[in-house]
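Please open the structure in a viewer and keep the selection panel at hand.

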Amino acid sequence: MRILFIGPPGAGKGTQAARVADRLGIPHISTGDMFRHHVSTGTELGRLVDSIMKAGEYVPDEITVEMLRDRLAEPDAAKGYILDGFPRTAGQVVALDGLIGVDGLDTALEFAIDEDALVERLLGRGRADDSEDTIRNRFKVYQEQTAPLLDLYRDRGILVAVDGLGEIDVVTERILKALGR
Ligand code: AMP
């Protein structure tokens, strides 16, 4: 099963993607986690993306796509995966289509969540790229570049929306139900 988790920053996507992937026995592939790992271990890529992430901007597609392509080539990805935070731009959709086919994803799971609740959550999270200006910019970039992808996956007939607000366990069950599990 290949599943995409899509939604605004701070919606709890990452936490839920990890839990659901665990329950389904498939890997959780988060480009944000991968970039953070590069930053914390001080790789060349990490040095390149650090300031981009701190500004709340998107890493250029060619860099992101190459990293993701290598990850999908790992043996554990053969049984399916949850993609968390990729694709985020129209260009990344085209790249993913090229890698797994236009009908390669089974479900695009949208995290629908109230915006005020989101800002509150993000401010309480304490991550390096969680300053208020960065948060505001991440929203703007999400609205401009990623929100339009919802229509695209809706048109493909694979979009399912889940209310991301609530107890962690309750939301996990909601998602599993939406995925037919
Ligand atoms: P996330 O943990 O998914 O919120 O990602 C954290 C940050 O990593 C984002 O704000 C971007 O700077 C960068 N990033 C993660 N995934 C992508 C992507 N698919 N395309 C571009 N930048 C990304």
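Begin by selecting helices α2 and α4, which are roughly perpendicular to each other (angles of 65 to 115 degrees count as such, under 35 as roughly parallel, over 145 as roughly antiparallel and the rest as oblique). The model is a predicted one, in which local features need pLDDT of at least 70 and side-chain atom pairs count only at pLDDT 80 or more, while totals for chains, interfaces and linings use all residues. Residues are numbered from 1 along each chain as its sequence is written, and side-chain values use heavy atoms, with hydrogens and water left out.

**The helix pair**

Two packed helices are described by the angle between their axes and the distance between the axes. Here α2 covers residues 31-41 and α4 residues 61-72; their axes come within 11 Å and cross at roughly 100 degrees. Axes are lines fitted to C-alpha atoms, for helices over the stretch in contact, and angles run from 0 to 180 degrees between N-to-C directions. Helices (H or I, at least four residues) and strands (E, at least two) are DSSP runs, numbered from the N terminus.

Next, display the side chains of Thr31, Met34, Phe35 and His38 in α2, which meet Ile63, Thr64, Met67, Leu68 and Arg71 in α4 (contact means heavy atoms within 4.5 Å). By class, this contact has five nonpolar, three polar and one charged residues (Ala, Val, Leu, Ile, Met, Phe, Trp, Tyr, Cys and Pro count as nonpolar, Asp, Glu, Lys and Arg as charged, and the others, Gly among them, as polar).

**The aromatic pair**

Now select Phe5 and Phe111, whose ring centres lie 5.6 Å apart with planes at 50 degrees, so the pair is tilted. Rings of Phe, Tyr and Trp (its six-membered ring) pair if their centres lie within 6.5 Å; planes under 30 degrees apart count as stacked, over 60 as edge-to-face and the rest as tilted. Phe5 belongs to strand β1 (residues 2-6) and Phe111 to strand β4 (residues 107-112), so the pair ties together parts 106 residues apart in sequence. Phe5 is buried at 1% relative accessibility, and Phe111 is buried with a relative accessible area of 1% (buried means under 20%, exposed over 50%, partly exposed in between; 1.4 Å probe, protein chains only).

**Thr172**

Move to Thr172 in helix α8 (residues 168-178). Thr172 is buried, at 1% relative accessibility. Not counting residues up to four places away in sequence, Thr172 touches Gln16, Arg19, Val20 and Arg23.

**Glu74**

Finally, select Glu74 in the loop between α4 and β3 (81-84). Glu74 is partly exposed, with a relative accessible area of 42%.
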